[in-house]
Amino acid sequence: MQTSPYQQEQHEAILMVSTHIGTLSSCQIEALKTASREYLMFRDDVDTFLNTYFAAICTQKCFQSSLSACCSREGIITFFADIVINALFSTLDEQKFLLTVLQKPNTGPKCVYLGPHGCLWRIKPIVCQMFLCDAAMIRIFQDNPTAESTWNVLKNREKQFTWPDKKVLFEDLEMFFIDAGHASSLMYLHNSPGLLLVKKRAGR
Ligand code: SF4
Ligand code: SF4
């Protein structure tokens, strides 16, 4: 059994990022980490929000029954910047483990990155971080308008890093690798027709 085109695409991008980061000076790596700090603070805030409002329902609805809809697809969308940020803050062994997993055929209906103790990424993709199923949202938000408004604020903050109607971190990280001569199909902020239209409409 062969690995899927999704796995091959992910493997190619992760290997490229990991290899290129391995050639950078400690100053260059530190500069990339510094550029990502505000994003990591945002991610911490999302974690706090999810732990406060959703941990109980997610545990009860999905984790105890192992039926989580969050991680049950073969593959989820990952931005190129997701891969860069995860690599910057992961150990070499963690990066190698992702590559190993991607080289084995994925036989189950679950995400290839789902390990026995949860997601194998140190900083999981933004699409995963910001996904809440409708049933959980209805249950939590119907009695708690404050939670809903906090979630809406977080969704807007996400755009400050990912939505290219202005210069954003996810675009900058792609550009850093493009400038170094690399290209990836996952560089959506430079190759997705929808996101290119966002830039065009914003006069960029
Ligand atoms: S968001 Fe929904 S699908 Fe995901 S773990 Fe929570 S209850 Fe389950
Ligand atoms: S990348 Fe991680 S969080 Fe996202 S679907 Fe896969 S296992 Fe779940």
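Visitor: How much space lies in the largest cavity?

Guide: In this predicted model, the largest cavity holds about 40 Å³ of space, and the structure has one cavity of 30 Å³ or more.

Visitor: Which residues line the largest cavity?

Guide: The lining is made up of Ile14, Val17, Ser18, Ile83, Asn86, Ala87, Gln95 and Leu98. Helix H1 (5–23), helix H4 (80–88) and helix H5 each supply at least two residues of that lining.

Visitor: And how do the residues of that lining divide into nonpolar, polar and charged?

Guide: Five residues of the lining are nonpolar and three are polar, while no charged residue takes part.

Visitor: OK, on to the ligand. How many residues surround ligand 1, and which are the closest?

Guide: Nine residues surround ligand 1, and the closest of them are Cys58, Cys62, Ala69, Cys70 and Cys133. Sorted by kind, the shell around ligand 1 has seven nonpolar residues, one polar residue and one charged residue.

Visitor: Which helix gives the most to that shell?

Guide: That is helix H3, which spans residues 55–63 and contributes three residues to the shell around ligand 1.

Visitor: New topic: how many salt bridges does the count come to?

Guide: The count comes to seven salt bridges. One of them joins the side chains of Asp45 and Arg157, with 2.8 Å from N to O.

Visitor: What does Arg122 form a salt bridge with?

Guide: Arg122 pairs with Glu94, and their closest N and O atoms are 2.8 Å apart. This pair links distant parts of the chain, with Arg122 in the loop between strand E2 (118–119) and helix H6 (126–129), and Glu94 in helix H5 (residues 92–102), 28 residues apart. Glu94 is partly exposed, with a relative accessible area of 28%.

Visitor: And which residues are linked in a network of salt bridges?

Guide: Glu171, Lys199 and Arg204 are linked in such a network. There is also a salt bridge between the side chains of Lys166 and Asp165, at 3.2 Å from N to O. Of these two residues, Lys166 is partly exposed at 33% relative accessible area, and Asp165 is partly exposed at 34%.

Note on methods: Residues numbered from 1 in each chain as written. Chains lettered and ligands numbered in written order. Predicted model: local features only at pLDDT ≥ 70, side-chain atom pairs only at ≥ 80, totals over all residues. Heavy atoms only, no water. Near = heavy atom within 4 Å. Helix = DSSP H or I, 4+ residues; strand = E, 2+ residues; numbered from the N terminus. Nonpolar A, V, L, I, M, F, W, Y, C, P; charged D, E, K, R; others polar. Salt bridge = Lys/Arg side-chain N within 4 Å of Asp/Glu carboxyl O. Buried < 20%, exposed > 50% of the residue type's maximum accessible area, 1.4 Å probe, protein only. 1 Å grid on protein atoms, 1.4 Å probe; cavity = no way out; pocket = protein on both sides within 12 Å on 5 of 7 lines; lining within 4 Å. Points joined across faces, edges and corners; volume = space filled by probe spheres on them.
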